[in-house]
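Dear colleague,

Please find the structure below. My notes on it follow.

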Amino acid sequence: MTDTNLRAYRNERADERTDEREDETTARADEQEHCPECGGRLISDTEHAETLCGDCGLVVEEDEIDRGPEWRAFDSAEKDQKSRVGAPTTKMMHDQGLSTNIGWQDKDAYGRALSSRQRQKMQRLRTWNERFRTRDSKERNLKQALGEIDRMASALGLPENVRETASVIYRRALEEDLLPGRSIEGVATASLYAAARQAGTPRSLDEISAVSRVEKMELTRTYRYIIRELGLEVKPADPEHYVPRFVSDLDLSDETERMARELLESARKEGVHSGKSPVGLAAAGVYAAALLTNEKVTQNEVSDVANISEVTIRNRYKELLEASDSAAPA
């Protein structure tokens with residue numbers, strides 16, 4: 001066989017192999033697009049990370065990797081609004097979480113300890129980073145106040161939405177120049193107290209004062225001032241808002257909680273709430289409900305949870321039982 005014929009033969013074999021590979025690729029693509037059982041067209045279910053047949057419902061692949069966002073958008077405006085890179089912004093940080101934070105661990109990316117020279121360098125970087133994060137007195141004020149709000153909210157077990165609301169209230173007070181003549185801690189505590197009442201998860205003044213760095217008198221005075229100047233709408237505290245927390249702390253049943261709510265509702269209809277402390281009424285309602293449902297709880301235990309005296313519980317629970325008897329149909 002001559003060289004010309006040999007080259008032609010090799011080219012012909014190469015073309016045949018190319019055609020075979022193309023046929024295999026087409027067959028595999030056809031298998032990926034059609035159901036192996038009924039030949040129906042396959043569809044991709046991104047919500048459940050599955051590939052299934054649109055005709056017979058056979059699940060061909062499952063547990064696929066969903067590389068899309070965790071949120072859904074129904075128009076372009078909503079998509080632009082929800083689209084983000086990095087952590088979401090928050091009002092609970094003075095810079096809204098947009099700045100860089102250098103960790104306190106003196107370790108590298110592999111977990112190995114830094115040398116003495118590198119530790120000194122990182123400490124200087126942390127110092128300058130903190131200085132750049134709080135460039136003026138207003139930002140230093142805000143950073144201190146938001147730190148106080150976060151500390152007190154954690155001690156009181158308040159949810160994140162209350163902390164966010166308290167941060168917004170404090171920012172408004174700072175923008176409207178309400179801080180001169182008042183302490184940062186006082187305004188921060190008053191903001192948290194107002195936010196907790198707005199969210200329906202109130203805490204008593206005694207509970208707030210216990211974790212705050214200001215006296216109870218200053219707290220009440222600052223709270224009234226903030227409410228008046230900012231025009232905040234805060235409804236009077238409802239005794240029923242305290243009931244779930246007291247029931248949970250005393251490890252009582254759902255039946256007791258329901259009974260306590262019924263007693264407080266009867267007292268409201270009879271006008272017993274007027275001029276009474278909502279915390280005292282809630283604690284008395286829980287104690288009376290526990291007696292009616294035959295659950296063992298003492299006045300001392302309720303007093304410790306609600307942070308009120310046993311005398312108040314005795315006086316109020318008798319009033320609640322009398323109101324319940326008066327409201328009952330003859």
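The notes go from the whole chain to the sheet and then to the aromatic side chains.

This is a predicted model, so local features need pLDDT of at least 70 and side-chain atom pairs count only at pLDDT 80 or more, while totals for chains, interfaces and linings use all residues. Residues are numbered from 1 along each chain as its sequence is written, and side-chain values use heavy atoms, with hydrogens and water left out.

Whole chain

The protein chain has 13 helices and three strands; these are DSSP runs, with helices being H or I of at least four residues and strands E of at least two, numbered from the N terminus. Of its 330 residues, 35% are buried, where buried means under 20% relative accessible area (1.4 Å probe, protein chains only). The protein chain exposes about 21400 Å², of which carbon and sulfur atoms supply 46%; accessible areas come from the Shrake-Rupley method with a 1.4 Å probe. Taking contacts (heavy atoms within 4.5 Å) between residues at least 6 apart in sequence, 60% join residues at least 24 apart.

Sheet

The three strands form an open sheet in the order β1-β2-β3, with antiparallel pairing; two strands pair if DSSP finds at least two bridges between them. Strands β1 (42–45) and β3 (59–61) are at the edges, each with a single partner strand, so one side of each has no neighbour in the sheet. From one strand to the next the twist averages 35 degrees. Between β1 and β2 (residues 50–53) there are four bridges, and Leu42 stands opposite Cys53 in β2.

Aromatic side chains

There are three aromatic pairs, counted where ring centres of Phe, Tyr or Trp (its six-membered ring) lie within 6.5 Å; planes under 30 degrees apart are stacked, over 60 edge-to-face and the rest tilted. One of them is Tyr193 with Tyr223: the centres are 4.8 Å apart and the planes at 70 degrees, so the pair is edge-to-face. This pair links helix α6 (residues 184–198), which holds Tyr193, to helix α8 (residues 216–230), which holds Tyr223, 30 residues apart. Tyr193 is buried at 10% relative accessible area, and Tyr223 is buried at 12%.

Tyr287 and Tyr317 are also edge-to-face, because their planes are at 85 degrees, with ring centres 5.1 Å apart. Tyr287 is in helix α11 (residues 278–292) and Tyr317 in helix α13 (residues 310–327), 30 residues apart. Both Tyr287 and Tyr317 are buried.

Finally, Arg182 lies over the face of Tyr225, 3.5 Å from the ring centre; the rule asks for NZ of Lys or CZ of Arg within 6 Å of the ring centre and within 35 degrees of the ring normal.

Regards

Notes:
Buried < 20%, exposed > 50% of the residue type's maximum accessible area, 1.4 Å probe, protein only. Axes fitted to C-alpha atoms, helices over the stretch in contact; angles between N-to-C directions.
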